[in-house]
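Subject: Structure handover

Hello,

Here is the structure for you to look over. My notes follow below it.

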Amino acid sequence: DDQYRRVRDYARLGFRIGSIPDLLQCIRGLREKFTVLQVENRFRTPTSMGWRDVSVLVLVDLPTRGQHVAEIQLQLEALAEVRETEHAAYEEIRSFFSTDEMIQKQDEIMQ
């Protein structure tokens, strides 16, 4: 069904990795074990909130029939720890920029 064709995170794993060399070795290992469809390097292009990781889309054979695209996120341990401790601030900033409150604040600044 086309409405589910782009679902990527139904099967998602996240690995915390201690160093950049280990992260690169993990990518090499994924390429050996899976058909890798895409590697998104968010160290090169972080998210709008500054998050950095590597997201790898792999093709997984389903036990009954067909295949599924799964996402494997490779995160540096140190960044993941900061993300956890600062999650409340992240949520506050994210909600601020996604509400009408932001528009009101912009209007106040412009006056």
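**Fold and sheet**

From the N terminus on, the elements of the protein chain run β-α-β-β-β-α-α-α. That comes to 4 helices and 4 strands. Both kinds of element are DSSP runs, numbered from the N terminus: helices are H or I with at least four residues, strands are E with at least two.

Two points on the basis of these notes. This is a predicted model, in which local features need pLDDT of at least 70 and side-chain atom pairs count only at pLDDT 80 or more, while totals for chains, interfaces and linings use all residues. Residues are numbered from 1 along each chain as its sequence is written, and side-chain values use heavy atoms, with hydrogens and water left out.

The sheet is open and has 4 strands, in the order E1-E4-E3-E2, with mixed pairing. Two strands pair if DSSP finds at least two bridges between them. E1 and E2 stand at the edges with a single partner strand each, so one side of each has no neighbour in the sheet. On average, neighbouring strands are turned by 20° against each other, direction ignored. E2 and E3 pair in the antiparallel sense, over 6 bridges. Look at valine 36 there: its bridge partner in E3 is valine 58.

H1 touches E1, E2, E3 and E4, and its direction makes about 165° with that of E4. H2 touches E1 and E4, and its direction makes about 90° with that of E4. Axes are lines fitted to C-alpha atoms, for helices over the stretch in contact, and angles run from 0 to 180 degrees between N-to-C directions. Contact means heavy atoms within 4.5 Å.

**Core and surface**

Which residues make up the largest nonpolar core? There are 11: Ile17, Leu23, Ile27, Leu30, Val54, Val56, Val58, Ala70, Ile72, Leu74 and Leu76. Helix H1 (20-33), strand E3 (54-61) and strand E4 (67-76) each give two or more residues. E4 gives the largest share, 4 residues. A nonpolar core here is a set of buried Ala, Val, Leu, Ile, Met, Phe, Trp, Tyr and Cys residues joined through side-chain atoms within 4.5 Å.

Of the 111 residues in the protein chain, 20% count as buried. Buried means under 20% relative accessible area, exposed over 50%, partly exposed in between (1.4 Å probe, protein chains only). The accessible surface comes to about 8700 Å², and 50% of it belongs to carbon and sulfur atoms. These areas come from the Shrake-Rupley method with a 1.4 Å probe; for residues, only the protein chains shown count as cover. Among contacts between residues at least 6 apart in sequence, 49% join residues at least 24 apart.

**Salt bridges**

How many salt bridges does a search of the whole structure find? The search finds 3. The criterion is a side-chain nitrogen of Lys or Arg within 4 Å of a carboxyl oxygen of Asp or Glu.

One joins the side chains of arginine 16 and glutamate 77 (3.6 Å, N to O). Arginine 16 lies in strand E1 (residues 12-17) and glutamate 77 in helix H2 (residues 77-85), so the pair ties together parts that are 61 residues apart in sequence. Arginine 16 is partly exposed at 38% relative accessibility. Glutamate 77 is partly exposed too, at 27%.

Arginine 42 takes part in the others. Its side chain meets that of glutamate 40 (3.3 Å, N to O) and that of aspartate 53 (2.6 Å, N to O). Arginine 42 and aspartate 53 are 11 residues apart, in the loop between strand E2 (35-41) and E3. Aspartate 53 is buried, with a relative accessible area of 1%. Shared partners join Glu40, Arg42 and Asp53 into one network. Arginine 42 is buried as well, at 12%, whereas glutamate 40 is partly exposed at 32%.

**Glutamine 75**

One more residue to check. Glutamine 75 sits in strand E4. Is glutamine 75 buried or exposed? It counts as buried, at 10% relative accessibility. Leaving out residues up to four places away in sequence, glutamine 75 touches Phe15, Arg16, Ile17, Trp51, Asp53, Ala80 and Arg83. Its C-alpha atom is separated by 8.7 Å from that of serine 55, 20 residues apart along the chain.

Best wishes
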